[in-house]
Amino acid sequence: MTAKVLIFDSGVGGFSVFQHIRQTLPGLESCYLMDNQLFPYGIQPDNILIERIVSLCDRACSLHDIDIVVIACNTASTLALPALRNKLKIPVIGVVPAIKTAATLSQSNHIALLATPATINRPYIDQLSKDHARNCQVTRIGSSDLVKLAEDYWFNNILDNEALHEILSTSLDPKISTIDQMVLGCTHFPLIREHISKLYPHVNLVDSGEAIARRVCFILQDLGHDIQPLTQETNQHTLLTTAPISNKSVFLSACQRIAPYQSFNII
């Protein structure tokens with residue numbers, strides 16, 4: 001019995017999650033759905049996003065016979081998971097900022113959450129902090145510019161380190177001496193993990209990619225799939241976008257770092 005996963009994000013950040021899934025289950029077929037028409041999500045109204053995310057994922061699942069959905073976008077997860085789970089009849093996995101992990105690892109009891117402006121202001125984050133980081137100070141840094149910087153890096157493989165430092169320094173530098181854990185609360189940010197780490201080498205960076213991959217394994221087994229065949233390589237991967245890509249060859253070349261895609265379609 002074959003299995004297929006849909007991975008959804010507003011841009012290329014979800015590839016950071018997909019990379020962990022590929023490392024764990026290289027034989028799992030996939031569709032990567034990127035809502036590049038409305039990128040970035042962090043500045044969009046909530047009601048527009050919820051309706052759009054549900055509609056796009058529902059359509060993709062119907063067209064591509066999907067078994068499991070991964071919402072590899074923190075903004076989308078904090079907004080649309082209940083509506084998606086109500087609409088779809090298959091399992092839906094969301095990305096949760098790894099506040100619990102960071103708080104557990106922290107020795108200084110001061111952690112940072114680096115995410116989009118939309119994510120850091122969600123009541124959901126207040127509850128995560130209350131439930132899992134009660135003994136920690138949680139410094140929140142929201143930036144849409146950092147999302148765009150990571151997106152540009154994905155395509156061009158060149159990062160403007162000066163711009164990166166400028167984005168982070170205003171919020172972080174006055175407090176960074178006591179921060180020992182930083183949650184990468186947007187799936188775009190692990191794409192520039194090494195660059196952030198060079199700026200703040202004493203800070204441990206935490207993301208949710210490995211946990212999502214483990215969860216995918218667990219749910220597929222629960223659905224009755226044999227995991228062993230999924231540890232073998234497959235080439236059945238499809239790219240879906242909501243708008244044309246200006247430089248398709250560069251985009252596909254970047255995507256090949258994660259998986260060999262057989263088809264490229266606009267949904």
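Okay, let's start with a pair of helices: H7 and H8 cross in a left-handed way. By that I mean that the near helix is turned anticlockwise from the far one by less than a right angle; clockwise would be right-handed. Before I go on, some housekeeping. What you see is a predicted model, where local features need pLDDT of at least 70, side-chain atom pairs count only at pLDDT 80 or more, and totals for chains, interfaces and linings use all residues. Residues are numbered from 1 along each chain as its sequence is written, and side-chain values use heavy atoms, with hydrogens and water left out.

The labels are simple too: helices (H or I, at least four residues) and strands (E, at least two) are DSSP runs, numbered from the N terminus.

Back to our pair. H7 covers residues 144-156 and H8 covers residues 161-172; their axes come within 10 Å and cross at roughly 160°. The axes are lines fitted to C-alpha atoms, for helices over the stretch in contact, and angles run from 0 to 180 degrees between N-to-C directions. So H7 and H8 are roughly antiparallel to each other. The cut-offs, once and for all: under 35 degrees is roughly parallel, over 145 roughly antiparallel, 65 to 115 roughly perpendicular, and the rest oblique.

Who does the touching? On the H7 side we have Asp-145, Leu-146 and Leu-149, and on the H8 side Ala-163, Leu-164, Ile-167 and Leu-168. Contact here means heavy atoms within 4.5 Å. Sorted by class, that's six nonpolar residues, no polar ones and one charged. For the classes, Ala, Val, Leu, Ile, Met, Phe, Trp, Tyr, Cys and Pro count as nonpolar, Asp, Glu, Lys and Arg as charged, and the others, Gly among them, as polar.

Next pair: H2, residues 46-64, packs on H3, residues 74-87, at an angle of about 55°, with the axes 9 Å apart. That puts H2 oblique to H3, and this crossing is right-handed. H2 brings Asp-46, Leu-49, Ile-50, Ile-53, Val-54, Cys-57 and Asp-58, while H3 answers with Thr-75, Ala-76, Leu-79, Ala-80, Ala-83, Leu-84 and Lys-87. The tally for H2 with H3 is ten nonpolar, one polar and three charged residues.

How far apart are the axes of H1 and H10, and at what angle do they cross? They come within 8 Å and cross at roughly 50°, so H1 and H10 are oblique to each other. The crossing is right-handed. From H1 you get Val-17, His-20, Ile-21 and Thr-24, meeting Gly-209, Glu-210, Ile-212, Ala-213, Val-216 and Cys-217 from H10. By class, that's six nonpolar, three polar and one charged.

Leaving out residues up to four places away in sequence, His-20 touches Asp-207, Gly-209, Glu-210 and Ala-213.

Now the inside. Which residues touch the most other members of the largest nonpolar core? They're Phe-15, Ile-21, Leu-28, Val-70, Val-216 and Leu-220, out of 36 residues in that core. A nonpolar core is a set of buried Ala, Val, Leu, Ile, Met, Phe, Trp, Tyr and Cys residues joined through side-chain atoms within 4.5 Å. Buried means under 20% relative accessible area, exposed over 50%, and partly exposed in between (1.4 Å probe, protein chains only).

Elements giving two or more residues to this core are strands E1 (4-9), E2 (29-34) and E3 (68-71), plus helices H1 (14-24), H10 (209-222) and H11 (248-255). H10 gives the largest share, six residues. Apart from this core lies another, of 26 residues, including Phe-8, Leu-49, Ile-71 and Val-92.

Thr-241 is in strand E9, residues 237-241, and at 0% relative accessibility Thr-241 counts as buried. Beyond four places in sequence, Thr-241 touches Met-34, Asn-36, Phe-264, Asn-265, Ile-266 and Ile-267.

Ser-129, in helix H6 (residues 123-132), is at 10% and counts as buried as well.

Is Leu-105 buried, partly exposed or exposed? At 40% relative accessibility, Leu-105 counts as partly exposed. You'll find Leu-105 in helix H4, residues 99-105, and, sequence neighbours up to four places away aside, Leu-105 touches Asp-180, Gln-181, Asn-204 and Val-206.
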